[in-house]
Each structure stands twice: as structure tokens, then as C-alpha cells.
Amino acid sequence: MKTLCIIRHAKSDWNDPSLNDFERPLNKRGEKNAPFMGKLLASKQLRPDLILSSPAVRARTTALMIAGEVGYDTDAIVYDEELYLAERNDIERILQKIPPSYNTVFIVGHNPGLTLFVHYLSGYSIDNIPTCGVVTVSLNE
């Protein structure tokens, strides 16, 4: 893997108190932001060889929308239960399992784990990856 795009799910909807955290969908802003971010990634020529996503509804929907915009087969998205609310070390462990033949990987997940992972990986102090925020990191092989 040479390029890693770390993507926080788009803004979720909190209006239905009967839904548990895993089931929360995107709100209207999230439904606009996810395809926009996908178009932006496509314009930067960032095309994934693999998309890994948390299976939570808000992350899954974000991954599907971004995949559609970057031309990635939505049926090929890998949903990993371990990414749901994963901590920094969980994310690191998941990424270590990815075969080196993949050049560009998108990972769609949740805070605070993603922000802590970016801080750990880059050494930069990042307060918060916002909803639908993307951090792209080039990695040495």
C-alpha cells in the first residue's frame, strides 16, 4: 500500500431516538457531503484498489457514495466489524493485514479512533477529523 485515504463517515442523523448508534443514517448534509467528497477525490485522481469500511449505516452509506463517485465497484467494498468504533491500535492491526499489492486504500470509519490513528501515523497533532473529512497519507513500502 502506498496511499491511504482515511475517511470519517459523513454527518449522521440523530433525530430518531429509537435507532441505536450502529443504525444511525446520514442526515441531509451528510447525503450531500459524501458524493461531493467522492467527486473531489476523483478529481485528484485518487482511485482505490480497496475500500474498507465500518459496517455501521452512516459509514456504509458514506463508503457507497464515495465509491460511486470514484468508479469503485460498490459490491467490492469490504465491511469489517472491527472498524466499528475502532481504536487506533485496531485500525493499525487491520491495515497491517492488507496485501502490499494494493497501491491505494480508502478506509471509512469513526472518531475518535481515526483522528488518533492519523496523529500516531503522521506525528501531527490533529484535534479532530470532521465528518466526511479525508486525510491522505503517502506511505513507504
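The following questions and answers explain how terms are applied to this predicted model.

Q: Why is Cys132 called buried?
A: Buried means under 20% relative accessible area. Cys132 has 4% relative accessibility, so Cys132 counts as buried. Cys132 is found in the loop between α4 and β5, and its phi is near 65°, a positive value in a residue other than glycine.

Q: Why is Leu85 called partly exposed?
A: The term lies between buried, under 20%, and exposed, over 50%. Leu85 has a relative accessible area of 45%, and is therefore partly exposed. Its place is in the loop between β3 and α3. Leu85 also has a positive phi, of about 55°, although it is not a glycine.

Q: What makes α3 roughly perpendicular to α4?
A: The axes of α3 (residues 88-96) and α4 (residues 113-122) cross at roughly 70° and come within 8 Å. Angles of 65 to 115 degrees count as roughly perpendicular, and therefore α3 is described as roughly perpendicular to α4.

Q: Which residues of α3 and α4 meet?
A: From α3 come Arg88, Ile91, Glu92 and Leu95, and from α4 come Gly113, Leu114, Leu116, Phe117 and Tyr120. The residues of this contact divide into six nonpolar, one polar and two charged.

Q: Which residues of α4 are buried, and what covers them?
A: The buried residues of α4 are Gly113, Leu114, Thr115, Phe117 and Val118. What covers them includes β1 (3-8), α3, β4 and β5. Gly123 follows α4 and has a positive phi, near 85°.

Q: What joins Asn111 and Pro112?
A: The two residues are joined by a cis peptide bond, with omega about 5°. Pro112 is found in the loop between β4 and α4.

Q: How do α1 and α2 cross, and which residues meet there?
A: The axes of α1 (residues 28-43) and α2 (residues 57-70) come within 8 Å and cross at roughly 35°. The crossing is right-handed. Glu31, Ala34, Pro35, Gly38, Lys39, Leu41 and Ala42 in α1 meet Thr62, Met65, Ile66, Glu69 and Val70 in α2. By type, the residues of this contact are seven nonpolar, two polar and three charged.

Q: Why are β3 and β5 said to stand at the edges of the sheet?
A: Five strands form an open sheet in the order β3-β2-β4-β1-β5, with mixed pairing. β3 (78-79) and β5 (134-138) each have a single partner strand, so one side of each is left without a neighbour in the sheet.

Q: How do you know that β2 and β4 pair?
A: Two strands pair if at least two bridges are found between them. β2 (residues 50-53) and β4 (residues 104-109) have four bridges, in the parallel sense.

Q: In which sense does β1 run with β4 and with β5?
A: β1 and β4 run parallel and are joined by six bridges, with Ile6 opposite Ile107 in β4. β1 and β5 run antiparallel and are joined by five bridges, with Leu4 opposite Val137 in β5.

Q: What makes β1 mostly covered?
A: Six of its six residues are buried.

Terms used: Residues are numbered from 1 along each chain as its sequence is written. This is a predicted model: local features need pLDDT of at least 70, side-chain atom pairs count only at pLDDT 80 or more; totals for chains, interfaces and linings use all residues. Side-chain values use heavy atoms; hydrogens and water are left out. Axes are lines fitted to C-alpha atoms, for helices over the stretch in contact, and angles run from 0 to 180 degrees between N-to-C directions. Helices (H or I, at least four residues) and strands (E, at least two) are DSSP runs, numbered from the N terminus. Angles under 35 degrees count as roughly parallel, over 145 as roughly antiparallel, 65 to 115 as roughly perpendicular and the rest as oblique. Contact means heavy atoms within 4.5 Å. Ala, Val, Leu, Ile, Met, Phe, Trp, Tyr, Cys and Pro count as nonpolar, Asp, Glu, Lys and Arg as charged, and the others, Gly among them, as polar. A crossing is left-handed if the near helix is turned anticlockwise from the far one by less than a right angle, and right-handed if clockwise. Buried means under 20% relative accessible area, exposed over 50%, partly exposed in between (1.4 Å probe, protein chains only).
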